[in-house]
Amino acid sequence: VDTPHQRQRGPRGPPPPPRPGPHRDSGLSLHTGVVPFVALLLLQRRPVAGRPLLVTGSGCPSHGLCRSNVQEQTRRQVAVLNATAQELFSLYLKCQGEPFSSEADKLCNPAGIFFPTFRVNRTSERKEVMVAMYKLFAFLNASLGNITRDQEELNPMAKDLLERLHNTTKTTRGLISNLTCLLRKNYNIFQVDVRYGDSSKGKSAFKKKQQGCQVLRKYVQVIGQAARVLLPHLGPS
Amino acid sequence: MFSRWNWVACGFCLVLNICSPDASGGLVQSCGHIIPESPVLALGSNFTALCILNESCLDFGNIYASQIIWKIKNRVVPKEQYREINRTVSSVTFNDTSSLATPLTCNILADGQIEQNIYGITVAVGLAPEKPKNLSCIVHQKSQFTYDMTCTWNPGRHTFLDTEFRLRYSWPEEVFPDCIPKGVNDSCTITDIQFFVNTEIWVEAANALGKAESDPLVVDPIDIVKPLSPQNVSVSSGILPTVLKLSWENWISDAVMTLKFNIRYKITGDTSWMEVPAEDTASPRTSFSVQGLRPYTEYAFSIRCMKEDGVGYWSNWSETKTGITTEDQPSKGPPIWRIIDASCSPASWTVHLMWKALKPFEANGVILQYEVTVRDKSSLSSPLKKYNVTSTNHTLQLPEGTYEVTLIARNSVGASPPSILLIPASNSKAPVKNLTALPKHDKLWVGWTAPNNYVLKYVVEWCLVSSSSDCIIDWQIALGNVQGIDLKGIKPFKCYLITVYPLYADGQGSGQSVKAYLKQDRPSKGPTVQTKKVGKAEAVLTWNHLTVEEQNGFIRNYTILYKTIDGNETVVTVDPSKTEYTLSSLTSDTLYTVRMMASTDNGSRTGPDFTFTTQKFGKGEIEAIVVPVCLAFLLIVLLGVLFCFNKRDLIKKHIWPIVPDPSKSNIAQWSPQVPAKHNFNSKDQMYPEGSFTDVSVVEIEADDKKSFSEQDLKPFDLLKKEKSTSEGHSSGIGGSSCMSSPRQSVSDSDEGETTQNTSSTVQYSTVVLNGYRDQTPVQVFSRSESTQPLLDSEERSEDHAGGADTTAQRQQYFRQNGGQDENNTDRQCFERAKQVTHANEGDLVGFVQLQVSGESSQPLGLGMEKNTQEAALSNVLQRCTEGQAVRPETVEENPLSVDDMPKSYLPQTVRQGGYMPQ
């Protein structure tokens, strides 16, 4: 993953689409060996020179697409991810075969991997929630891209799994776009430093499967929390 | 000298340049070029091109801009559009590029007025793209997680240039790869879409003349989704017989999109759908119970969905699923009717009860059996009779009376309400009035006027009228308050007999009938006409009625069309009840072609042609002609006979004139040789006068003014002998015997001469008596040699004498013998005598010449011997004369020997009008 680039993009724009391939692998972490990344919040910064912010405070300079429905769209996206996360994880385990099918708790324990902290609750400030969400889904977007790449290599015939991975990745991508809009529009946040996970590139198949399993299991846990947290903040008013 | 070589070199160079106009970058450099190179021009704009000559060509070719000629294709551009900018540059200007064509060439007029091409360019003329309009997009769900978005737009006018359309879309901070249409310019499909993100979509059109963008369409793809219709739809019956539960699965999870639904249903076989109220299915669900259905009825269901908030598109209807509601007890009793057959015995009825199976929505299940109960209303004490029947009819033998029949249908759930039919002893109640049957809206409507009394219901019976089978009755019950119903199951072009019975509470009215067609057509065939009788001026035509199957409608009339071969057709319309018609006023002895046409309200059909010929004569006409003619003929014959009878003497005188009896002639008395009469007397008596019929009479015309002596006749005799010789042997009239040795005799076969000769030479008559058949001739007259004319008195006396002698001896006459086979010496023939033309009846003079066989040396015995052969001779003679118009006659050869006859004869003066006795 072109992590520095991601860091630069931050809330100024969504990360590149998680297309198949290792382009979003955690290359930076490999290069630097520094964990964790520090998310830098660059406030009140114009992403593009010469493009003024709207007087209304809109932070979405592109064609006025950052509309009022983005909040609801964001909530619906999180809800979709939450609704599909468990099925995705189960299908993933099923497709990996043994021993993951039978020993998921042991093999997929996410304790040993990096996963963005999501220490917000329903009483947290909305801005804080939005930033945490951005970090989370930027991480997930990259991780899902890597998992998809690995599964295309390891289980090319698992069409259903691959399709779900693609859709989940796409959803996170749209979610990042909406969160960027919200951060800019509502809080004038134009940059968020994001830390990505370890790259699975070069690892064994088992390790790739295990790493994906660990990420997805943690993802199932966190996405539920995020959905619950987000509901009062982005729920229909 | 240099200049000459210079020109040669220049010319060579020019040729090379010209031969390689596009070789500017190659071996040979062009003498010039055009600016701009391959321009793309807007249609209708102005355009200026420059042709720039190379300096090198100026030096070698001595060519200048003033010599440039511009051409469009092969057409020279008018020089008014040229402009010589300097000695190497010439421009051409077009005020309207629509007049341009490609290629545009720059040419030069070299020495010798040879036009050479310098350079050429292609010119493209077109339009800039218009702004694409009406951009719209729809997201099609392909599978549970797969969607694609298809956008369509109006590309605008045709640009005549290669124009590229691109569908572009972006998120707030991200622009995606363009969607480039393939093969079309008005739609493109994006496969990578994401819900819940506002997406800006627009179309960009670009060509060499410009670029245009459509208005952007900002949309969340979730709002333009056309989802897949629900899958795995199933129908299950509930507890209630009027409820079916519909279940399905949605392709889209509620997290992505909540759905609302439309449910439609219909009874299987129906065409129209019913829909569950939309508000009942406006919330997300995967099942729904449809209520208010009919028991034991199969329903078909289909469902569709769309985004719950109504933004987006409805899915297609799902595939149809069917379900059957559970049974319920029958809702009504079966309609019942009867046919009473009293043909065997009026006192005993055969009652055919028949009822209709309940419709599914009335039966509410499978009817297991029918219960028939018959109650004799005329006898309260008679027990009820019950019958369980599984079919829809039942036959009973009942004595005549009034009965009440009750019918109940039963299924697995319960029994129907009873249907009651009253069978009265007689249908004495009032019938319906004004019964009519009309086709209405493709149905046969039967209407009537109700009787004055209250009617419970009506029974309408109908049957298909057929010529080949019995009328099978169908029936229908109508309520008492209606006065008309549509009959069901009626076929077009068929004749139906419809009968309506009113049913009262206490009896039944008599039936009224009418025939009707639902739809009429022209007859399927025409009548076959033929003649029953053909006369001179009339013909009786007959035909058979068309069968009811052939009629296809009510026959309104028959039309007879007849004509002669070359005549106009005559049309006669005939009442449809008739099967015979008489054509009158026909022309006799004429061939007629007749055909017949049967007509219904909807057309006609003509039968085959039939031809007949009228007779030449009418009936009795021939008889009227023939009978009178025959009668007239008979009358004439009768009158003729009577006349002849009355005038028989006169006729006899003319036809068979009385020949004086020579024996009583004075000549006979003075003749030295008188035939021995006594020799024949006995014979004469054998022949009564009446039987003396065969007489040959030779009439010889004599010139009464001349008298010839025998000597005078000799030369003529010689001549005659010569002639006879040439003609063969002939026996003369009278005494010559054909059996005698051939001797020459005078023949009169040569008519003119003979007549003359005869008249001039024959003054004698010879009477030869022939015996009748095999009898000996009675009398033989020998040639008279007297020249003395016969006296009238003698003649008359001889007549009398002849008449007197009939008892004594049979008078024989000579008859004139026409020319016959005188040459035939093998036959006994008489020498033919000349027939003398009589000046008048009174001048009849006949000479009968008896030619004497000069050489007759036959002994008498021979003659007698020959007499014994009379029969044979007679027969031969008869044959000989058959070919003549005279009666066969027997001419007896003179039995006397010639030696016995006088050797010579004296010429005899013949007096006109008499016969000369010999």
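Tutor: What follows describes the interface and then the salt bridges.

This is a predicted model, in which local features need pLDDT of at least 70 and side-chain atom pairs count only at pLDDT 80 or more, while totals for chains, interfaces and linings use all residues. Residues are numbered from 1 along each chain as its sequence is written, chains are lettered from A and ligands numbered from 1 in the order in which they are written, and side-chain values use heavy atoms, with hydrogens and water left out.

At the interface, 32 residues of chain A are in contact with 25 residues of chain B (contact means heavy atoms within 4.5 Å). About 2,400 Å² is buried between chain B and chain A, and carbon and sulfur atoms give 49% of this area. Buried area is the accessible area, taken with a 1.4 Å probe, that two parts lose on being put together, summed over both. Of the area that chain B buries against chain A, 31% comes from F145(B), E173(B) and F196(B), more than from any other three residues.

The rule finds 13 residue pairs in polar contact across the interface, both residues at pLDDT 80 or more. A polar contact is a pair of N or O atoms within 3.5 Å; within protein, one must be able to donate a hydrogen and the other to accept it, and residues adjacent in sequence count only if both atoms are side-chain atoms. On the side of chain B that touches chain A, β13 (164–171) and β16 (199–207) each supply at least two residues. Strands (E, at least two residues) and helices (H or I, at least four) are DSSP runs, numbered from the N terminus.

Between chain B and chain A the count is three salt bridges, a salt bridge being a side-chain nitrogen of Lys or Arg within 4 Å of a carboxyl oxygen of Asp or Glu. D192(B) pairs with K170(A), with the closest N and O atoms 3.7 Å apart. D192(B) also meets R173(A) in a salt bridge, at 3.8 Å from N to O. This pair joins two chains, because D192(B) lies in the loop between β15 (187–190) and β16 of chain B and R173(A) in helix α6 of chain A. D192(B) is partly exposed at 29% relative accessibility, whereas R173(A) is buried at 4%; buried means under 20% relative accessible area, exposed over 50%, and partly exposed in between (1.4 Å probe, protein chains only).

Over all chains, the structure holds 28 salt bridges. Within chain B, a network of salt bridges links E164(B), R166(B), R168(B), D178(B) and E204(B).
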